[in-house]
Amino acid sequence: MRVCSPSRCVRSPRPPISVVRLQASLRGLGTGLLAARLKHLEREGLAHKITLPPPARTPAYARTEAGEELGPPLLGLARWGLKWAMGERRETEAFHPGWAVLGVRACFDAEAAAGLRAVYEFRIDDEVFHARIDDGTIETLHGPAQHPDATITIGEAAFLDVTSQGLSFADAIETGAASVSGDIEALRRLKGLFRLPPPRDRKTDQPSS
C-alpha cells in the first residue's frame with residue numbers, strides 16, 4: 001500500500017511476508033498464538049497463505065483485497081497512537097523497531113514530498129527498512145534498500161525519545177541522537193518529510209467543566 005495525498009493516490013498490493021519474518025517482528029507473541037491469529041485472518045478473508053517461490057520456499061501470508069483496504073484505518077490508528085499514546089512507557093508494554101515501518105508511513109507529509117524521488121533507509125538497532133518516496137507518495141518495505149539515497153541510523157531508545165517528544169528525524173540528527181549519510185539534497189528534504197504530532201495526554205487533556 002502507498003500513502004499519498006488524495007490527488008496523487010496510487011494503490012499497490014503489499015508483498016507477502018514470511019511466517020518467520022512475522023514471528024521475528026512480533027516479540028513476545030508465541031508461535032502457537034501467532035498461528036491462531038493467522039488462521040483467524042484467513043477465516044475472516046483478510047489474508048491467505050502461500051508458499052514463497054525458490055529459493056525461499058517458505059510459508060508466507062499475503063493480504064486479500066479486503067485486508068488491503070484495512071490499510072488506511074490502521075494508519076489512522078497509528079496517527080492516533082503517535083499523538084495520544086506515546087507518553088511514559090509502562091513495564092508491561094513492548095516495542096519492536098520493525099513497528100516503526102507503520103509509524104514512518106503514519107507521519108509522512110505528502111505535500112512536503114511533492115516532486116521528490118528518493119529512497120531512505122532506516123536502521124533502528126538491528127532492524128532495517130526503507131521508504132521509497134515518489135512525488136508525494138511513500139512505500140515502506142522491510143529490509144535494506146539496494147541503492148538508498150540517504151541512510152538514517154538511530155538506536156531504539158533514541159527513536160522512542162523522538163516519538164514521545166513529537167520531534168523529527170532532523171531534530172534527532174541535530175542533537176546527535178541519530179546519524180545520517182548520503183545525498184545532500186535527499187538529506188535536506190528529509191527535514192519536512194515526516195512530521196510527528198505533539199504528544200498529548202488523553203487522561204489529563206479534558207475540557208474544563
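Start with the cartoon view: the chain has eight helices and nine strands. Here helices (H or I, at least four residues) and strands (E, at least two) are DSSP runs, numbered from the N terminus. What you're looking at is a predicted model, where local features need pLDDT of at least 70 and side-chain atom pairs count only at pLDDT 80 or more, while totals for chains, interfaces and linings use all residues. Residues are numbered from 1 along each chain as its sequence is written, and side-chain values use heavy atoms, with hydrogens and water left out.

Of the 209 residues in the chain, 40% are buried. Buried means under 20% relative accessible area, exposed means over 50%, and partly exposed is in between (1.4 Å probe, protein chains only).

Look across from Ala47 and you'll find Arg63 in S4. Axes are lines fitted to C-alpha atoms, for helices over the stretch in contact (heavy atoms within 4.5 Å), and angles run from 0 to 180 degrees between N-to-C directions.

Stay with Arg63 and show its side chain. What does Arg63 form with Glu68? A salt bridge, with the closest N and O atoms 3.8 Å apart. The term means a side-chain nitrogen of Lys or Arg within 4 Å of a carboxyl oxygen of Asp or Glu. Glu68 is buried, at a relative accessible area of 7%, whereas Arg63 is partly exposed at 30%.

By that rule there are six salt bridges, so here are two further stops. Pick Arg195 and Asp109, whose closest N and O atoms are 3.0 Å apart. This pair links distant parts of the chain, 86 residues apart: Arg195 is in the segment after helix H8 (184-193), and Asp109 is in the loop between helix H5 (100-106) and strand S5 (117-124). Then go to Glu185 and Arg188, another salt bridge, at 2.7 Å. Both lie in H8, three residues apart, about one turn of the helix. Glu185 is partly exposed at 37%, and Arg188 is exposed at 54%.

Move on to residues 127-134 and 137-142. These are strands S6 and S7, running antiparallel and joined by six bridges. Arg132 has Glu139 in S7 as its bridge partner. Two residues sit between the strands of this hairpin, where Asp135 takes a positive phi near 50°. Five of the six residues in S7 are buried.

Last stop: helix H6, residues 156-164, whose buried residues include Phe159, Leu160 and Val162. The buried residues of H6 pack against H5, S5, strand S8 (150-154) and helix H7 (169-175). Just after H6, click on Gly166, with its positive phi of about 70°.

Note on methods:
Pairing = 2+ DSSP bridges.
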